[in-house]
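Here's a quick briefing to read with the model open beside you. Have a look at the fold, then work through the points below.

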Amino acid sequence: MRNFVSLLTLHLALYTVLSSQWLEAIIPVGENPWTLVYNSTDNKVYCANLDGNSVSVIDKYNSVIRTVPVGEHPYALVYNPTNNKVYCANYFSHSVTVIDGRTDSVIRTINAGNAPVAFAYNPSNNKIYCANSIYHGTVTVIDGATDSVIKTIPI
């Protein structure tokens with residue numbers, strides 16, 4: 001019985017230590033965190049806060065180092081490693097916010113069609129493809145070097 005009590009105490013102590021380590025890894029970022037993207041150049045994570053109209057920047061020490069204001073209802077993120085930029089699709093603003101990956105500041109906001117919801121980055125041509133909601137049925141193509149819309153493709 002004594003060994004059982006000691007084993008139970010050890011188990012509870014280990015559980016307490018492990019639980020507290022997990023709790024330390026929770027990072028408060030903002031209102032309704034929705035999606036994440038990793039900046040491989042600067043070892044940072046970006047978190048779109050759906051209801052907070054912002055993107056939280058998390059450093060390698062798991063600390064929020066900056067909150068970047070973006071358009072209304074940030075829905076998707078993509079990282080462009082060629083130019084070290086993060087693109088944020090703002091669903092209700094019908095725009096894409098371009099964030100500098102080094103300084104975490106807004107470079108510009110692009111009119112990207114109606115209700116952007118998803119991204120793909122093509123490293124072979126440095127283009128960002130932004131899908132607009134199914135109700136609008138278009139894909140906006142953005143040049144990754146100039147951050148300008150090349151064309152909008154109906155689908």
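Reading along the sequence, the protein chain goes α-β-β-β-β-β-β-β-β-β-β-β-β, which comes to one helix and 12 strands. Helices (H or I, at least four residues) and strands (E, at least two) are DSSP runs, numbered from the N terminus. This is a predicted model, so local features need pLDDT of at least 70 and side-chain atom pairs count only at pLDDT 80 or more, while totals for chains, interfaces and linings use all residues. Residues are numbered from 1 along each chain as its sequence is written, and side-chain values use heavy atoms, with hydrogens and water left out.

**Confidence and overall numbers**

- The protein chain averages a pLDDT of 87, and 84% of the residues score at least 70; pLDDT is the predictor's confidence in each residue, from 0 to 100.
- Over residues 1–23 the pLDDT is below 50, and this stretch has zero contacts in the model beyond near neighbours in sequence. Contact here means heavy atoms within 4.5 Å.
- Of the 155 residues in the protein chain, 40% count as buried. Buried means under 20% relative accessible area, exposed means over 50%, and partly exposed is in between (1.4 Å probe, protein chains only).
- The protein chain exposes about 8800 Å², with carbon and sulfur atoms supplying 59% of it. Those areas come from the Shrake-Rupley method with a 1.4 Å probe; for residues, only the protein chains shown count as cover.
- Take the contacts in the protein chain between residues at least 6 apart in sequence: 32% of them join residues at least 24 apart.

- Two strands pair if DSSP finds at least two bridges between them.
- Strand 9 is joined to strand 10 (residues 127–132) by six bridges, and the two run antiparallel. Going across to strand 10, Phe119 has Cys130 as its bridge partner, and Ala118 has Ala131.
- Strand 11 (residues 138–143) pairs with strand 12 over five bridges, again in the antiparallel sense. Thr140 stands opposite Thr152 of strand 12.

**Positive phi spots**

- Some background first: most residues other than glycine have a negative phi.
- Asn126 takes a positive phi near 55° in the hairpin of strand 9 and strand 10, which has four residues between the strands.
- The hairpin of strand 11 and strand 12 has five residues between them, and Asp147 in the turn has a positive phi of about 60°.
- Asn32 is in the loop between helix 1 (2–24) and strand 1 (33–39). Its phi is positive, near 55°, and Asn32 counts as partly exposed because its relative accessibility is 35%.
- Asn62 lies in the loop between strand 3 (54–58) and strand 4 (64–69). Although not a glycine, Asn62 has a positive phi of about 65°, and at 48% relative accessibility it counts as partly exposed.

**Two buried polar residues**

- Ser56 lies in strand 3 and counts as buried because its relative accessibility is 0%.
- The side chain of Ser56 makes a polar contact with the side chain of Asn49 (2.9 Å). A polar contact is a pair of N or O atoms within 3.5 Å; within protein, one must be able to donate a hydrogen and the other to accept it, and residues adjacent in sequence count only if both atoms are side-chain atoms.
- Leaving aside neighbours within four places in sequence, the contacts of Ser56 include Val29, Val45, Tyr46 and Cys47.
- Ser56 and Gly30 are 26 residues apart along the chain, and their C-alpha atoms are separated by 7.3 Å.
- Asn84 is found in the loop between strand 5 (74–80) and strand 6 (85–90). With a relative accessible area of 14%, Asn84 is buried.
- The Asn84 side chain makes a polar contact with the side chain of Tyr79 (2.8 Å).
- Setting aside neighbours within four places in sequence, Asn84 also contacts residues including Asn39, Thr41, Asp42 and Arg102.
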